[in-house]
Amino acid sequence: MTLAGLGFDPARLRFGLRTALAACLAVFVAWIAGLEHPQWAGMSVWAASQPLRGQLVEKAFFRFAGTIVGSVIGVLLVLASGVHPWLLVIGLALWVALCTWAGNLLRGFGAYGTVLAGYTAAMVSLLDSGHGGVLALGLDRMATVLTGVAMATAVGLLFGGVADGGGLRHRLRVLLADLLDHVADAKDAPGEDGALLSRLAALDEALEVHAAGSLRSRRTVRAVRSMLLAAISLVFWRRGEGAVPEIEGALRRAATALRDDVTERAVAELDLARHALPEGHELAPTLGRLRVTMDRWSRAEAPGHDSKHPVVLHRDRAGAAEAAQRAGGSLLLFGALWLITGWSAGNFLLLGLSVMISLFSTFENPVLQMRHVCLGQIAGVVGALACRWLAWPLAGSEAEMLAWLVPFILFGPFLMAHRRTQAMSFDYNMVLLLMLQPHFPLTGSFGASVSAGLAVAAAPLAAMAAYRWIYPVNRRRRAKALLTAMLDDVAALAGHPDALEAPLLWRARLYHRTLRLVRTAEGAPHALEDALDAACGLFDLGRGVMACHALLADDATPAPVRRAARAALARTRALAGRPDRAGGAFDRLARRLAGPDRHRMTRAAQGAGRLTANPV
């Protein structure tokens, strides 16, 4: 029977074996160099390794930077602990909270490096050292981690793959072609808007992989994001206004050109569609933005910081603040228990918790993740106990102890490659190496080893409790936080004195938050459609707000209309409390207007009505 038939992924197994061998090599190199914890170099290999070269280089850079910063803070915490142990706990809690807050605001490997700086300080300050001074301690910890990073980078550059840029291009072309066909179709296809937005959201999420490793890749990804944000407005338009017969043919020809990979012809057809619209038609600027961003993408021209086609990404500031409070509070609580009880293995619990409560706060469902982590850590503890008490007693030197460690490390890739154990494999590899310090002759007792293992395995349980009870992290709360941020954006737009000068910034942020909202809502029966309704309602309401600002800026606007426009803006500034009042104000304003302005205000009133139902 083949490996695939047994449930193993051959590609993952090759990557895992390559990484495991690099980890073994890093452990031996660190031991030969005389570092105190050579097994930590192996941990760094597992943490830094990536299947693609671009990801590897970028992650290695941020791990290098995070390790240096975290080691410096760790040394300062050791100095503080010499003054009073409580300073160590309080300082560590504050530092990890700060790094967790920043990590939740950043994206990609930048977030990883920031969070890493937090728990690296825990590794330096919480584990005992045989070194004579804190400077030697910090240098030893830093050298150990960087040895692993260097080994992972060298092996990865030799054997790693590259991102499939052609696959991304094909996926993007097909998605845009399907979108243009949908906008041209006069018939409504139930669920098609949501399906297209789901595909856009998945593509946006995948862009982080392609952005890693080079400035050129980042510029390309920025160009793609600029085009995606322009494309979302077509979904909103189609959902609110329906098809436009005058441009159906041009849009379908543009879709065909995209599928044929003739982007220049697609750009020309979008130009024809834009010019075929009636004078002043609101769809024209939308098609113009898509045309410009598509043309730049086809010519590999990055948009930079173009004010006409901005890329504004979602930042979850409220969620970051909650994550920081959760991390800091949890470490203070369990740090206090450690100091009060004097539990000898309490530092292992605090170390594991500093990782779990910070790193996994950026995940979509940390509670579910903690279940896999717990299983992996239990497996790692069992492996470490077996190595320490069954294999190492047979060794006659530290070199032989390292040789006995190799089979236990090489077991990790098989866990990584199997579909049933893949989710727990990383934690097995990390905990195995965390608990095994090759020191000859052997010291310590079996009871102490078990106590340390229990402390390590308890860390994900403590983190799971924190994620469940302290600002619970789940789909519903994330969706509500996103919707609240979008509501606040529209309310701020209503009160902004210069709103007419930067409408595209607001739209770009709304579009990207819509992608995050759609991604969060996926998997629930009606949540996706509700999320799309809410986003479209906010979009219509925002257009109404901009129209109100335009009316107030026009000296020819009659006084009654001005009063009604000011009332609509005032109601929108209090949107989060009573969206129904904003809807009524826009409805009253619409009755005083005619033509396109009346239509926009009616749509704004309908958008506020969607929010009244609180769909998410």
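## Aromatic pairs

Phe236 is buried, and Phe539 is buried too (buried means under 20% relative accessible area, exposed over 50%, partly exposed in between, with a 1.4 Å probe and protein chains only). The model is predicted: local features need pLDDT of at least 70, side-chain atom pairs count only at pLDDT 80 or more, and totals for chains, interfaces and linings use all residues. Residues are numbered from 1 along each chain as its sequence is written, and side-chain values use heavy atoms, with hydrogens and water left out.

Rings of Phe, Tyr and Trp (its six-membered ring) pair if their centres lie within 6.5 Å; planes under 30 degrees apart count as stacked, over 60 as edge-to-face and the rest as tilted. The count by this rule is 8 aromatic pairs. Phe61 and Phe62 form an edge-to-face pair, 5.2 Å centre to centre with 80 degrees between the planes. Phe61 is exposed at 51% relative accessible area, and Phe62 is partly exposed at 24%. Phe236 and Phe539 form a tilted pair, at 5.0 Å and 35 degrees. This pair links helix H9 (residues 215–241) with helix H21 (residues 527–553), its members being 303 residues apart; helices are DSSP runs of H or I, at least four residues, numbered from the N terminus. Ring pairs join Phe236, Tyr511 and Phe539 in a cluster.

## Charges over rings

The charged end of Lys59 sits over the ring of Tyr112, 4.6 Å from its centre. Arg388 lies over the face of Trp389, 3.8 Å from the ring centre. The criterion is NZ of Lys or CZ of Arg within 6 Å of the ring centre and within 35 degrees of the ring normal.

Notes. Helices (H or I, at least four residues) and strands (E, at least two) are DSSP runs, numbered from the N terminus.
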